[in-house]
Amino acid sequence: MTLPPYAELHCRSNFSFLTGASHPEELVQRAQALGYAALAITDECSLAGVVRAHGEAKRCGLHLVIGSEVRLTLPAAPPQVGAPHARLVLLAQTRRGYGNLSQWITVARRRAEKGHYLAHPGDLEGKVPNAPFLAGLPDCLALLLPDRGAPFEALFAHAMWLKTWFGERAALAIELLHRAGDDDLADQVQRVAGLAGLPIVAAGDVLMHRRSRKPLQDVLTATRHALPVAQCGWRLEPNAEAHLRPRARLATLYEPAWLEHTLVLAGQCRFSLDELRYEYPQEIVPEGQTPASHLRALTEAGLLRRYLPSKYPQGVPPKVRAQVEHELALIAQLKYEPYFLTVADIVHWARAQGILCQGRGSAANSAVCYALHVTEVDPARMSVLFERFISAERNEPPDIDVDFEHQRREEVIQYIYAKYGRERAALTAVVICWRTRSALRDAGRALGMDLAQIDALAKEHYWFDGSEGAAQRVRDAGLDPEDLRVRQWLETAA
């Protein structure tokens, strides 16, 4: 049979924490191997997984669509939990759409405690203070994900609401995963689509790149619910169908028009992370000056303070002057002046408040940073290698690390918020990975292993690298390395 072209538009990676069971790179590689036309990474209320997916998609030539899955809830007064509303997949069509989706994720995350989010239907109706532009989430597609077993009236109401706010950018997703009620779901979706005037698009609710990841996905689910797998019951996925399936399989499940519409929607999403550029604040440059002229003025003033005429009657040492001119020329070529000005502004403010701070790392190779009082390494007393800090070949901004004294760091953070506004300033997050000990403990608990044995094995985790002594370590913990449950435990932890 002729394999139908297909684009998967609903896929969560392991950046949907304790839900997705595959790395973004694995999902991209598998989609490319299956001949998919495109793949959307749609982690729940997050865009964290798309960076790694983007790099892999560029390497293998797959069209990557960037989006997010969001569950809407109705507003409720704390500590009440709002009633569930629609479940959506949002896909960025353009740079503007990506920005709007990012803004909405920020709004939803800031409403809730860490690790959770609260997204309300009113957000997409223009009811967010300072962000009325989120109404209808311009330049984003919206797919409505029907809840299995939900009343027809609820699905129809959600479909009409979605069409009201998204118009031709809305569609109904149908996800057939060989589960009870698939026929009823298909019938309901078709009826609602006909009444609401919405197109139907096939999707897979993907959680893993291959079905062989199902045991790991079960362990992640059990860990999320703090239960052993054996006690999770209906919390577990009923089968292993939530993987990237061959197109031949998809052709037996979905109508040709539903598969074809995946290509239509993927084709409307042309945004790429390659379009993003650093956009620096404009208010750091005084009126009547340019970033280049202002950086030059600050550098010259700083050089006079660094090399006082009383100590340097001949002026700035020729070696330093030559280095400064070389650096300013390269900074101008790469248009990085606003970056230096932004960092200098923060450092100058901190020093004016008596807050101890110190630039470090590769920035110490910069005479301009020394002149701006960002670093303290005098280029007159040592040889600096500016290209370790900035290189035209790397084509990326330099990394100026500045340490602020711990006790007063919060003052600096609040200064940045006050100067640039909370809609333009943010803290970055660091995504961590499981360490060996934690992986052994979590996998062991999920698989129902004895707690004493888990402790014994996890405490002596340094052998966990496939070395020859591994089997003996397992025996020392009172376990049989050939036992099926023990092998599964170790494989899952790995």
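Ala329 is partly exposed, with a relative accessible area of 47%; partly exposed covers the range between buried, under 20% relative accessible area, and exposed, over 50% (1.4 Å probe, protein chains only). The residue Ala329 belongs to helix α10, which spans residues 318-334. Helices here are DSSP runs of H or I with at least four residues, strands are runs of E with at least two, and both are numbered from the N terminus. Between Ala329 and Glu300 there are 29 residues in sequence and 14 Å in space, C-alpha to C-alpha. The model is predicted, so that local features need pLDDT of at least 70 and side-chain atom pairs count only at pLDDT 80 or more, while totals for chains, interfaces and linings use all residues. Residues are numbered from 1 along each chain as its sequence is written, and side-chain values use heavy atoms, with hydrogens and water left out.

The chain has 494 residues, of which 49% count as buried. It contains 17 helices and nine strands. The C-alpha trace spans about 90 × 65 × 50 Å along its principal axes. Of the contacts in the chain with a separation of 6 or more, 73% are between residues 24 or more positions apart, where contact means heavy atoms within 4.5 Å.

The largest nonpolar core has 68 residues, and Leu39, Leu88, Leu90, Trp104, Leu137 and Tyr254 touch the most other members. A nonpolar core is a set of buried Ala, Val, Leu, Ile, Met, Phe, Trp, Tyr and Cys residues joined through side-chain atoms within 4.5 Å. Another core lies apart from the largest one and has 39 residues, among them Val324, Leu334, Ala350 and Ile400. Neighbours within four places in sequence aside, Tyr254 is in contact with Ile174, Glu175, Leu176, Ala202, Ala203, Arg245 and Leu259.

His85 lies in strand β4, residues 84-92, and is buried, with a relative accessible area of 13%. Its contacts, apart from neighbours within four places in sequence, are Arg71, Leu72, Thr73, Leu74, Pro121, His158 and Trp161. Gln103, in helix α3 (residues 95-110), is also buried, at a relative accessible area of 18%. With neighbours within four places again left aside, Gln103 is in contact with Phe133, Leu134 and Glu423. Gln32 lies in helix α1, residues 24-33, and counts as partly exposed at 38% relative accessibility. Beyond four places in sequence, Gln32 is in contact with Cys60 and Leu62. Gln32 and Val430 are 398 residues apart in sequence and 29 Å apart in space, C-alpha to C-alpha.

Axes are lines fitted to C-alpha atoms, for helices over the stretch in contact, and angles run from 0 to 180 degrees between N-to-C directions. Angles under 35 degrees count as roughly parallel, over 145 as roughly antiparallel, 65 to 115 as roughly perpendicular and the rest as oblique. A crossing is left-handed if the near helix is turned anticlockwise from the far one by less than a right angle, and right-handed if clockwise.

The axes of α4 (residues 152-166) and α5 (residues 182-196) come within 10 Å and cross at roughly 40°, which makes α4 oblique to α5. The crossing of α4 and α5 is right-handed. Phe152, Leu155, Phe156, Ala159, Met160 and Lys163 of α4 make the contact with Gln188, Arg191, Val192, Leu195 and Ala196 of α5. This contact has eight nonpolar, one polar and two charged residues, with Ala, Val, Leu, Ile, Met, Phe, Trp, Tyr, Cys and Pro counted as nonpolar, Asp, Glu, Lys and Arg as charged, and the others, Gly among them, as polar.

For α9 (residues 291-306) and α11, the axes come within 9 Å and cross at roughly 45°, and α9 is therefore oblique to α11. The α9 and α11 crossing is left-handed. Pro291, Ala292, His294, Leu295 and Leu298 of α9 meet Glu337, Pro338, Phe340 and Leu341 of α11. By class, the residues of this contact are seven nonpolar, one polar and one charged.

Helix α11 (residues 337-352) also packs against α13 (residues 409-420), with axes that come within 11 Å and cross at roughly 125°. The two helices α11 and α13 are therefore oblique to each other, and their crossing is right-handed. From α11, Thr342, Asp345, Ile346, Trp349 and Ala350 meet Glu411, Val412, Tyr415, Ile416, Lys419 and Tyr420 in α13. Seven nonpolar, one polar and three charged residues make up the contact of α11 with α13.
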